[in-house]
Amino acid sequence: MKDLKRKAAALLATALLCAAAASCQKGNPKLKTKTLSIATASGKAVTLVAEIADTPQTREKGYMFRKNIPDGTGMLFVFESDRVLNFWMKNTPTPLSIAYIDYKGVIKDIFDMKPFDLKDITATGYVRYALEVPQGWFGRVGIKAGDKLSLNF
């Protein structure tokens, strides 16, 4: 009986450690989401649902450890002031595309990013926002540099 209790306690401890490790790997705690709209040069409005990363902690974690990011969703990184932003793909297993966006909502750059790549992907000028989406999504829906994100969020 004592041996059975010891084995049960060991199993429970293992299960708790596994659950704790899994929760650490899920990324950010539940982020608020907003429906964003991007106006293309052709006049089409494209919408997506984006998680909002607007604190140092949520911006640092981003999409780390996320394995499934559906088309039509993204993460908008919001900064307090304009700066030359750079992002990398540390601990990020999913290929992404990133748009760097200025304070007026104009998309300045769009770059593809490779999973786990530690190379910085740097904006070509001062921007206030970065929008990450599944790789190729911008092209699939016809969004290009020069298009405008509505800042009503």
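# Close-up views of a predicted protein model

**View 1. Strand β8 and its neighbours.** Strand β5 (residues 96-101) pairs with β8 in the antiparallel sense over six bridges, where two strands count as paired if DSSP finds at least two bridges between them. Within this pairing, Tyr100 has Ala130 of β8 as its bridge partner. Strand β3 (residues 73-83) also pairs with β8 in the antiparallel sense, over five bridges, and here Leu76 stands opposite Leu131 of β8. Seven of the eight residues of strand β8 (residues 127-134) are buried, so this strand is largely enclosed by the rest of the structure; buried means under 20% relative accessible area, exposed means over 50%, and partly exposed lies in between, with a 1.4 Å probe and protein chains only. The model is predicted, so local features need pLDDT of at least 70 and side-chain atom pairs count only at pLDDT 80 or more, while totals for chains, interfaces and linings use all residues. Residues are numbered from 1 along each chain as its sequence is written, and side-chain values use heavy atoms, with hydrogens and water left out.

**View 2. The protein chain as a whole, for orientation.** The secondary structure of the protein chain comes to three helices and nine strands, which are DSSP runs numbered from the N terminus (H or I for helices, at least four residues; E for strands, at least two). From the N terminus on, the elements run α-β-β-α-β-β-β-β-β-β-α-β. Of the 153 residues of the protein chain, 37% count as buried. Among contacts with a separation of 6 or more, residues 24 or more positions apart account for 66%, a contact being heavy atoms within 4.5 Å.

**View 3. The salt bridge between Lys32 and Asp54.** The side chains of Lys32 and Asp54 meet in a salt bridge (2.9 Å, N to O), a term for a side-chain nitrogen of Lys or Arg within 4 Å of a carboxyl oxygen of Asp or Glu. Lys32 lies in the loop between α1 (2-25) and β1 (33-39) and Asp54 in the loop between β2 (45-53) and α2 (56-61), so the pair ties together parts that are 22 residues apart in sequence. Lys32 is partly exposed, with a relative accessible area of 46%, and Asp54 is partly exposed as well, at 28%.

**View 4. The salt bridge between Arg66 and Glu51.** Arg66 and Glu51 join their side chains in a salt bridge (2.9 Å, N to O). This pair links distant parts of the chain, with Arg66 in the loop between α2 and β3 and Glu51 in strand β2, 15 residues apart. Both Arg66 and Glu51 are buried.

**View 5. The salt bridge between Arg59 and Glu80.** The closest N and O atoms of the salt bridge between Arg59 and Glu80 are 3.3 Å apart. Arg59 lies in helix α2 and Glu80 in strand β3, so the pair ties together parts that are 21 residues apart in sequence. Arg59 is buried, with a relative accessible area of 14%, whereas Glu80 is exposed, with a relative accessible area of 55%. Salt bridges that share partners join Arg59, Glu80 and Arg83 into one network.

**View 6. Aromatic rings.** A search of the whole structure finds four aromatic pairs, in which the centres of Phe, Tyr or Trp rings (for Trp, the six-membered ring) lie within 6.5 Å, and planes under 30 degrees apart count as stacked, over 60 as edge-to-face and the rest as tilted. The rings of Trp137 and Phe138 have their centres 5.7 Å apart and their planes at 65°, so this pair is edge-to-face. Trp137 is buried, with a relative accessible area of 4%, and Phe138 is buried, with a relative accessible area of 2%.
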